[in-house]
Amino acid sequence: MKQDIINYYSPPQIEFGAGSIENLAEHLNTLGCNKPLVVSDAGVQQVGILSQALAPLESANIPYSTYIDIEPNPTDISIEQGIDTYQRENCDVVIAVGGGSVMDAAKAIRLLTTHAPPLEPYYVDSDGVNKIRDDMPPLICVPTTAGTGSEVSQGAIITDTSLQTTDRLRKRAIITRYNMSNIALLDPVLTVKMPQALTAATGMDAITHGIEAYVATKHHPIAEGIALQALKMLGANIRTVYHNGENVVARGEMLLGSCMAAFSFQKGLGAVHSIAHQLSTDAPIPHGVANAILLPHVMEFNLSYVIDKFADVADALGVNVDGMSKGEAACAAIDEIRALNIELNMPSGLGEAGLDRDKIPKLATDSMLDHCHKFNPRKCAEEDMLHLLEVSF
């Protein structure tokens with residue numbers, strides 16, 4: 001029997017540990033770069049994390065330019081403004097300091113340094129994978145949250161304002177192995193200042209990545225193993241960092257678990273993400289919060305298709321499954337997500353989080369345009385998306 005040929009791509013160089021940011025200047029020298037464009041956002045700057053991250057460049061007298069006009073859901077407009085700064089300031093490397101939005105924006109800016117704008121031809125639904133080359137400047141990612149794992153992912157999620165494929169804004173993905181950063185610097189000290197609510201939302205984002213990737217339909221046993229280990233680390237530490245954000249060891253476990261969960265979604269994601277991508281532009285509801293609200297409902301929707309795998313998820317999250325049948329353990333995994341949402345003070349539903357019920361039909365339609373649901377273990381039609389939005393409301 002003929003087997004399909006599958007390509008697996010490893011993540012970039014990952015440097016992990018408290019104080020690893022101090023090696024930033026050394027990494028620039030190793031890459032042979034002279035002037036970085038530092039991409040960040042106003043929030044990271046205001047709490048002092050940006051200056052903390054850039055201190056090594058200051059000490060080494062390395063010149064740099066900054067671009068901090070990144071929105072929570074970065075748009076193609078801000079990307080084109082960022083590339084203007086890169087070119088005007090004669091930069092030769094991109095450094096992202098921030099959460100998922102910042103890192104996604106940095107990837108897109110980096111792309112346009114060598115690829116002609118606009119972004120439209122490079123989205124995955126425009127067959128962009130075949131149009132992206134590897135002739136891009138280096139990218140160093142310094143995550144300041146423990147959730148998206150964008151520092152090792154192949155994707156960049158951008159809010160498309162061009163209205164070329166729909167009559168409204170929607171999130172679209174640029175997916176290529178060339179999106180992976182050259183170096184991911186994971187310093188848990190930089191995540192200590194995360195507010196409690198952001199800690200919860202980004203932590204649930206990472207857990208969603210691990211669960212959706214583990215049950216996604218692509219054949220990627222390497223990613224499956226990493227997803228389960230990520231869930232063990234995340235499940236064992238999310239409550240600790242929520243209640244005691246100064247715990248650097250637990251922060252480190254969350255940061256590394258988030259990174260691993262993001263690598264695992266090379267295997268695919270699912271319906272949670274197809275819906276959540278729409279919610280962050282239409283409600284707007286923060287991505288991690290949307291994931292947390294949707295996750296138990298989508299797990300119930302998928303339950304009969306992945307009972308054995310959900311039983312594995314329960315065990316990985318730390319649920320005592322001794323004496324349980326596979327079905328009982330699978331249900332216990334869903335119960336654990338609900339319990340986490342309560343303890344982490346997540347909104348009880350999308351309505352409480354700010355969604356206007358009248359938008360649900362449009363959101364269901366747009367969710368079907370998103371690529372993630374194609375790997376959901378249970379096939380989704382628009383009426384399924386409508387149902388999931390209604391029960392999550």
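This briefing describes the sheet, the helices packed around it, and selected side-chain features of the structure above. The model is a predicted one. Its open sheet has six strands in the order E1-E8-E5-E4-E2-E3, paired in parallel. No disulfides are found in a search of the whole structure, and the count of aromatic pairs is zero.

**Sheet architecture**

- The six-stranded open sheet runs E1-E8-E5-E4-E2-E3 with parallel pairing.
- Strands E1 and E3 (65-67) stand at the edges with a single partner strand each, so one side of each has no neighbour in the sheet.
- From one strand to the next, the twist averages 20°.

**Helices on the sheet**

- Helix H4 (residues 76-88) packs on the sheet and touches strands E2 (36-39), E3 and E4 (93-98).
- The direction of H4 makes about 170° with that of E3.
- Helix H5 (residues 100-112) also packs on the sheet, where it touches E2, E3, E4 and E5.
- The direction of H5 makes about 165° with that of E4.

- Strand E4 is mostly covered, with six of its six residues buried.
- Val-93, Ile-95 and Val-97 point one way from E4, while Val-94, Ala-96 and Gly-98 point the other way.
- E4 pairs with E2 in the parallel sense over four bridges, and Val-39 stands opposite Ala-96 of E4.
- E4 is joined to E5 by five bridges, and these two strands run parallel.
- Ala-96 has Cys-141 as its bridge partner in E5.

**Strand E8 and its partners**

- In strand E8 (residues 183-186), Ile-183 and Leu-185 point one way and Ala-184 and Leu-186 the other way; all are buried.
- E8 pairs with strand E1 (residues 13-16) in the parallel sense over four bridges, and Ile-14 stands opposite Ala-184.
- E8 pairs with strand E5 (residues 139-143) in the parallel sense over two bridges.

- The buried residues of helix H11 (residues 307-316) are Phe-310, Ala-311, Val-313, Ala-314 and Ala-316.
- These buried residues pack against four helices: H6 (196-215), H7 (221-243), H10 (287-302) and H12 (326-343).
- After H11 comes Gly-318, which has a positive phi near 95°.

**Val-272 in helix H9**

- Val-272 is found in helix H9 (residues 271-282).
- With a relative accessibility of 0%, Val-272 counts as buried.
- Leaving aside residues up to four places away in sequence, Val-272 touches Thr-208, Glu-212, Asn-291, Leu-294, Leu-295 and Val-298.
- Val-272 and His-209 are 63 residues apart along the chain, and their C-alpha atoms are separated by 9.5 Å.

**Cysteines**

- A disulfide is a covalent bond between the sulfur atoms of two cysteines.
- The search of the whole structure gives zero disulfides, and the cut-off applied is a sulfur pair within 2.5 Å.
- For Cys-33, the closest cysteine sulfur is that of Cys-91, and the separation of 10 Å is too far for a bond.
- Cys-33 is buried, and its relative accessible area is 9%.
- For Cys-380, the closest cysteine sulfur belongs to Cys-372, and the separation of 11 Å is too far for a bond.
- Cys-380 is buried as well, with a relative accessible area of 12%.

**Aromatic rings and charges**

- A pair of aromatic rings is described by the distance of the centres and the angle of the planes.
- The count of aromatic pairs comes to zero, the rule requiring ring centres within 6.5 Å.
- The charged end of Lys-218 sits over the ring of Phe-375, at 4.7 Å from the ring centre.
- The charged end of Arg-378 sits over the ring of Phe-301, at 3.9 Å from the ring centre.

Definitions and conventions
Residues are numbered from 1 along each chain as its sequence is written. This is a predicted model: local features need pLDDT of at least 70, side-chain atom pairs count only at pLDDT 80 or more; totals for chains, interfaces and linings use all residues. Side-chain values use heavy atoms; hydrogens and water are left out. Rings of Phe, Tyr and Trp (its six-membered ring) pair if their centres lie within 6.5 Å; planes under 30 degrees apart count as stacked, over 60 as edge-to-face and the rest as tilted. A charge sits over a ring if NZ of Lys or CZ of Arg is within 6 Å of the ring centre and within 35 degrees of the ring normal. Buried means under 20% relative accessible area, exposed over 50%, partly exposed in between (1.4 Å probe, protein chains only). Two strands pair if DSSP finds at least two bridges between them. Contact means heavy atoms within 4.5 Å. Axes are lines fitted to C-alpha atoms, for helices over the stretch in contact, and angles run from 0 to 180 degrees between N-to-C directions.
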